[in-house]
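Take a look at the structure below, then read on.

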Amino acid sequence: MQAGPFVPTVVLDRPDLVKQLHEEFVHCGSDVVQAFTYNAHREKLKLVDRLVDLQSMNRKALRIARKCADETGTLMAGDICLTNLYDKNNPNSKGIVKAIFKEQVEWAVEEGADYIVGETFGTLDEAMIALEAIKEFGRGIPAVITMSLHVYNDVGATSTDHVEITEAMKRLEAAGSDVVGLNCMAGPETIIPVMERIKKSGVKVPLAALPVPYRTTVKEPTMFYLTDPQTGKRAFPGSLDCLSSSRDDIFEFGRKCDELGIPYIGLCCGNSPHYTRALCESIGRSPPGSKFSPKMEDHSVFGTGPIKDVHCRDVYIA
């Protein structure tokens, strides 16, 4: 997928790779196969001159996901996301955005989605429109709505339309979302403190936390702020690699979520199956992929087994 537009044209260009990726994540412990329809809405497809593929791309992604879910005994989720079109100052924008969500929700239902994720909303208003569309056109299937944090301030964090984040979660809950929470932008270190505040705020529905696997900090709280430590330049998108989370970071994130009682956990942009495996292991699971987790007791230098490189051990172990 090309950075910039981030449109999942691979669904039609190489569906075999999409299927393989779904299978790898399930092998490493994912309970859900999420259809690759993020940014597969009409405005994004128009941007990359693929509008003619709108319905076929969505249905193909949903069918690939449904087939994988059926074969592996997992759930299949449809997906809608921010449109970048909502403008509170334009009275027509709500109708435009809701129409975009409507067609994607209807395709997801027709292709057998077990529930629908609405994600990465910066504004509460657009998150509410997504929830409204799922409720109106989703034929009763559950809705998971997650927002992305861009604004950190003295009150903690707010949406880009200036709603304090715990208040935003409460409004989504009151409007009928089955799960609420945060995804994308923030890494484990900067998402957890906000999730703690949401948990303490009295939200009753299950909470979701899906950070990006990058080492965001208080100083650089989202991946858009991150800078390359060598060059000082903005790392997003091509230099984020040097700021990637370790598997230990992800394991610790999973432990904290478990301690807080956050049941819906995952990772967003930058995720890889080995991270999902670490996340599953952090809550006591051993998915098939755990067969390949590190077994350092058999390492020739750092292990305790019978095969030892005595010369290297002398160098590295005092």
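What follows is a short tour of a helix, a sheet, the cores and some aromatic pairs.

This is a predicted model: local features need pLDDT of at least 70, side-chain atom pairs count only at pLDDT 80 or more, and totals for chains, interfaces and linings use all residues. Residues are numbered from 1 along each chain as its sequence is written, and side-chain values use heavy atoms, with hydrogens and water left out.

**A helix with one buried face**

Let's begin with α2, which covers residues 15-27. Its 13 residues reach 18 Å from first C-alpha to last, close to the 18 Å expected at 1.5 Å a residue; that expected span is 1.5 Å times one less than the number of residues.

Which residues of α2 are buried? They are Val18, His22, Phe25 and Val26, where buried means under 20% relative accessible area, exposed over 50% and partly exposed in between (1.4 Å probe, protein chains only). Looking down the axis of α2, these buried residues fall within an arc of 100°, so they line one face of the helix. The arc is taken from the directions from the helix axis to the C-beta atoms. The buried residues of α2 pack against α1 (10-13), β1 (32-34), α4 (54-72) and α10 (273-282). Just after α2, Gly29 takes a positive phi of about 120°.

**The sheet**

Next comes an open sheet of seven strands, in the order β1-β2-β3-β4-β7-β8-β9, with parallel pairing. Two strands pair if DSSP finds at least two bridges between them. The edge strands, β1 and β9 (264-265), each pair on one side only. Further in, five bridges join β2 (residues 75-81) to β3 (residues 115-121), and Asp79 has Val117 in β3 as its bridge partner.

**Cores and contacts**

A nonpolar core is a set of buried Ala, Val, Leu, Ile, Met, Phe, Trp, Tyr and Cys residues joined through side-chain atoms within 4.5 Å. The largest one has 69 residues, and Ile198 is among those with the most contacts inside it. Leaving aside neighbours within four places in sequence, Ile198 is in contact (heavy atoms within 4.5 Å) with Ile165, Thr166, Met169, Leu182, Val203 and Leu207. A second, separate core of ten residues includes Met185, Val212, Leu240 and Cys268.

Over in helix α9 (residues 247-260) sits Gly254, which counts as buried at 0% relative accessibility. Not counting residues up to four places away in sequence, Gly254 touches Leu279, Ser282 and Ile283.

**Aromatic pairs**

Rings of Phe, Tyr and Trp (its six-membered ring) pair if their centres lie within 6.5 Å; planes under 30 degrees apart count as stacked, over 60 as edge-to-face and the rest as tilted.

| Pair | Centre distance | Plane angle | Type |
|---|---|---|---|
| Tyr115 and Tyr264 | 6.4 Å | 80° | edge-to-face |
| Phe302 and Tyr316 | 6.2 Å | 55° | tilted |

Tyr115 lies in β3 and Tyr264 in β9, so their pair ties together parts that are 149 residues apart in sequence. Both Tyr115 and Tyr264 are buried. By contrast, Phe302 is partly exposed at 49% relative accessible area, and Tyr316 is exposed at 57%. Finally, Phe6, Phe224 and Phe236 form one aromatic cluster.

Methods:
Helices (H or I, at least four residues) and strands (E, at least two) are DSSP runs, numbered from the N terminus.
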